[in-house]
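Here are a few notes to read alongside the model. Have a look at the structure, then go through the points in order.

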Amino acid sequence: HAAILEQHDIDGDGKLSWTERRSVRDAAHEAFIAKYDTDGDSEISDEERDAVKADFIERYDKDGDNAISKDELPCGERGEHYGRSGRGERGERGERGGQWK
């Protein structure tokens, strides 16, 4: 995170303002499109989305079952960001979780 702060903390106050955070988000989006938009149309097609999903599973699927459980998500993402997509079964306290397959 130090590299992100160093690159995007324009005013040098040691923290990211909303504007600076937007800069981080925009840079991440540009990098994502550059990596996965193989046909260069600035959109992610279904086929390109399949490549995103395959990379995600390859990166996080620790037990080799071709699915991502809550426990395999990096710390801070368990049941938070990915669980809200509605792609899993209901977990504890009714939140969405489950697995990506």
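1. A nonpolar core here is a set of buried Ala, Val, Leu, Ile, Met, Phe, Trp, Tyr and Cys residues joined through side-chain atoms within 4.5 Å. Buried means under 20% relative accessible area, exposed over 50%, partly exposed in between (1.4 Å probe, protein chains only). The largest such core has five residues: Phe56, Ile57, Tyr60, Ile68 and Leu73.

2. Keep in mind that this is a predicted model, where local features need pLDDT of at least 70, side-chain atom pairs count only at pLDDT 80 or more, and totals for chains, interfaces and linings use all residues. Residues are numbered from 1 along each chain as its sequence is written, and side-chain values use heavy atoms, with hydrogens and water left out.

3. Back to Tyr60: leaving aside residues up to four places away in sequence, Tyr60 touches Ile68, Glu72 and Pro74 (contact means heavy atoms within 4.5 Å).

4. Now the rings. Phe, Tyr and Trp rings (for Trp, the six-membered one) pair if their centres lie within 6.5 Å; planes under 30 degrees apart count as stacked, over 60 as edge-to-face and the rest as tilted. That rule gives two aromatic pairs. One is Phe32 with Tyr36, tilted, at 5.0 Å centre to centre and 50 degrees between the planes. Phe32 is partly exposed at 32% relative accessible area, while Tyr36 is buried at 11%.

5. Phe56 and Tyr60 make a tilted pair too, with 4.8 Å centre to centre and 55 degrees between the planes. Both Phe56 and Tyr60 are buried.
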